[in-house]
Amino acid sequence: MKFPYSEKVLEHFRHPHNVGKIENADGKATEGSPACGDMVSVYIKVDPETMTISDVKFESYGCASNIATGSIITEIAKGKTLDEAKKITWKEASEALGGLPKIKAHCSVLAVEGLRSAIQNYEERHGLIKEKEPTTLAVVRRRLKKVMNPLAGLDVVRTNLVRDIQIGDGVIRVEVDLPANHQFASAIKEELTEKLETLWDIREVIVEFVE
Amino acid sequence: MFGRRVYLDNAAATRLDERVLEAMKPYFFEHYGVATSEFAYSEGVEAREALDKVRNDLSNALGANSEEFIFSSGSTESSNIAIKGVALALGKKKGTHIVVSKIEDFAVLHCARALEKQGFQITYLNVDGDGFIDIDQLRDSITDNTILVSIQHANQEIGTIQDIANIGRVCREKKVLFHTDATHSFTRIPLNVRETPVDLITVAAHTIHGPKGIGGLYVHKGTPIVKWMDGGFQEFDLRAGLENIPGAVGFAKAVELVNSEETRILQAMRDHIIARVLSEIPHTTLNGDRWKRLPHNANITFHFVEGESITLHLDMHGFAVSTGSACFSRSLESSHVIMGIGGNHERAHGSIRFTFGRYNTIEDVDDIVVTLTEIVKDLREISPLGKEPDKKESER
């Protein structure tokens, strides 16, 4: 039999390491979305003494290269300090897998971004972000550009699914152009909240659905 | 894991039938002349006779006359000859508007796009949730400027069969030409030009256990077509190039070997896989109409998992199928057919097409369902989606 992937990719695809959720994770992030194609969630447990990643797990809604990259990158990251782990690149992951087809870069880079975002999430939650930028409309929009509109395959900002954003008094109010009972409503609400609630000067995120 | 292979991608290509190869062989080793040489030597006469005979057989299969059937290198070329040929013939004289459906094969869709760049106007008709065009919408889209309607007989991915008799009637009524791509339905679904008003029909051998690289085009007598690939005067001066006589002979043999009993068996496999998967594997959706679909096609979305992961796992277990997932396609675009029937990216992402052929058995279906159940369960285990009990099957 012949496969379009290296032995190493196939091995990690068949038997991915570090799969699953970590309950009460110290940091977590999801990159991609069902709309744009692949999606990956990364969970980390951090040892606060040494600032190292004591445990890391991932979940994948993706193709072989996405799954294999999730598997290898969590292997590489385990035991590393946050600063070291942040620097792991797609190239490193790809090399460790014996090479990935170029056309699959898009699917596999998500796992790398997932890990970085999970670390960022940890740092935000623990007040470790050194430069505290006040939350402005631009900051919120930048973050929401990572939330995909599952109906369109593009992010919620560019597709105008987010109709209005108001910031004031530590509260962000996001207006979404969707009926509240829509099949994606709860997923979108969760994603929007997750992306914004960690901002240091925000204490509440309100997502409203309007038709 | 490296044992028996079960090939369930017969819409992409089929295994050649040995009887087809036997019929072709003499035209490689004994009668290897070409029909163009009939007035020079006897090999040419043999070639001409063979070509005439199989042309007659194939045109008969469509209820046409033999001078209404030309050979090509396959369905892509046939559709190109038809659409670009009509555009060239009528673009200056009659009009520059062409109507196609959104879910056509790329051969038709990209012909339309290419013409659009040259100044033609194209209407891309929407289809409903099962893949059917709306006949009233079609009627309304035809204007005085319209020259051609190209709507497939059956869809390559979801198997939906259009009501081409009705479409043909509308086209006659509006006096526009009608081309249909019958690549996936030819011989499996009856189509007779004496009963169904069609001007141009694309057919091919690779879907019915015939050889690759041979196709045909029915051209209704008098249909205005300009030949655009220049060369010799072959195929009634509509398609230049050396005749592929072994291919043509193989094509005719392949058509002869298809019978309704076999089609019934394929349909039983189709119905079996649909029934088993939908009832045994949760969160699955059938793509395409349940009944008005190709007898050998099942297309199912497995929600919360990605199609290429499914196909790769199946491959390792000995099964070959295809998917509409963006990850699988070279363009990294989700299937335009699944998107066309109103599906979202998620529905395309987890869609798997099973297409049956002569060398499959009902046991193959049982085997793949068992394997699929495991694979889908495992992939859902590692998926961030679909574990919550309240996740509902997405709307059909």
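Predicted model: local features only at pLDDT ≥ 70, side-chain atom pairs only at ≥ 80, totals over all residues.
A nonpolar core is a set of buried Ala, Val, Leu, Ile, Met, Phe, Trp, Tyr and Cys residues joined through C-beta atoms within 7 Å.

The largest nonpolar core has 74 residues. B:V86, B:I98, B:V149, B:A248, B:V249 and B:F251 have the most contacts inside this core. Helix α9(B) gives the largest share, 7 residues. The core also draws on both domains of chain B, with at least three residues from each of domain 1 (18–257) and domain 2 (259–382). A second, separate core holds 63 residues. Among them are A:L110, A:I119, B:L312 and B:V365. In soluble globular proteins, nonpolar side chains tend to be buried together.

Now look at the domains themselves. Chain A is divided into domain 1 (7–125) and domain 2 (137–210). Their centres, taken over C-alpha atoms, lie 25 Å apart. In chain B, the assignment gives domain 1 (18–257) and domain 2 (259–382). Here 28 Å separate the two centres, again taken over C-alpha atoms. The contact between these chain B domains takes 17 residues from domain 1 and 21 residues from domain 2. On the domain 1 side, the touching residues divide into 5 nonpolar, 8 polar and 4 charged.

Next comes helix α3 of chain B, residues 42–61. This helix has 20 residues. From first C-alpha to last, α3(B) reaches 29 Å, close to the 28 Å expected at 1.5 Å a residue. Its buried residues are B:A47, B:A50, B:L51, B:V54, B:R55, B:L58 and B:A61. Seen down the axis of α3(B), they fall within an arc of 130 degrees, so they line one face of the helix. These buried residues pack against α2 (26–29), β2 (69–72), β8 (215–219) and α9 (245–257) of chain B. After α3(B) comes B:G63, with a positive phi near 75 degrees.

Helix α5 of chain B covers residues 106–117. It has 12 residues and reaches 16 Å from its first C-alpha to its last, close to the 16 Å expected at 1.5 Å a residue. Which residues of α5(B) are buried? They are B:A107, B:V108, B:C111, B:A112 and B:L115. Their arc around the axis is only 130 degrees, which puts them on the same side of α5(B). B:F106 and B:K117, on the other side, are exposed. The cover over the buried residues of α5(B) includes α4 (75–90), β3 (97–101), β4 (121–125), β5 (146–150) and β6 (177–181) of chain B. Just after α5(B), B:G119 takes a positive phi of about 110 degrees.

Finish with a loop. B:L294 is found between β9 (284–286) and β10 (297–302) of chain B. Is B:L294 buried or exposed? A residue counts as buried if 20 or more other C-beta atoms lie within 10 Å of its own. B:L294 has 28 within that distance, so B:L294 is buried. Leaving aside neighbours within four places in sequence, B:L294 is in contact with B:A154, B:G159, B:I161, B:H184, B:S185 and B:R188. B:S78 lies 216 residues from B:L294 along the chain, and 21 Å separate their C-alpha atoms.

How values were computed:
Residues numbered from 1 in each chain as written. Chains lettered and ligands numbered in written order. Helix = DSSP H or I, 4+ residues; strand = E, 2+ residues; numbered from the N terminus. Expected span 1.5 Å × (residues − 1). Buried ≥ 20, exposed ≤ 12 C-beta atoms within 10 Å, placed from the backbone. Arc of directions from axis to C-beta. Contact = placed C-beta atoms within 7 Å. Domains from an automatic or database assignment. Nonpolar A, V, L, I, M, F, W, Y, C, P; charged D, E, K, R; others polar.
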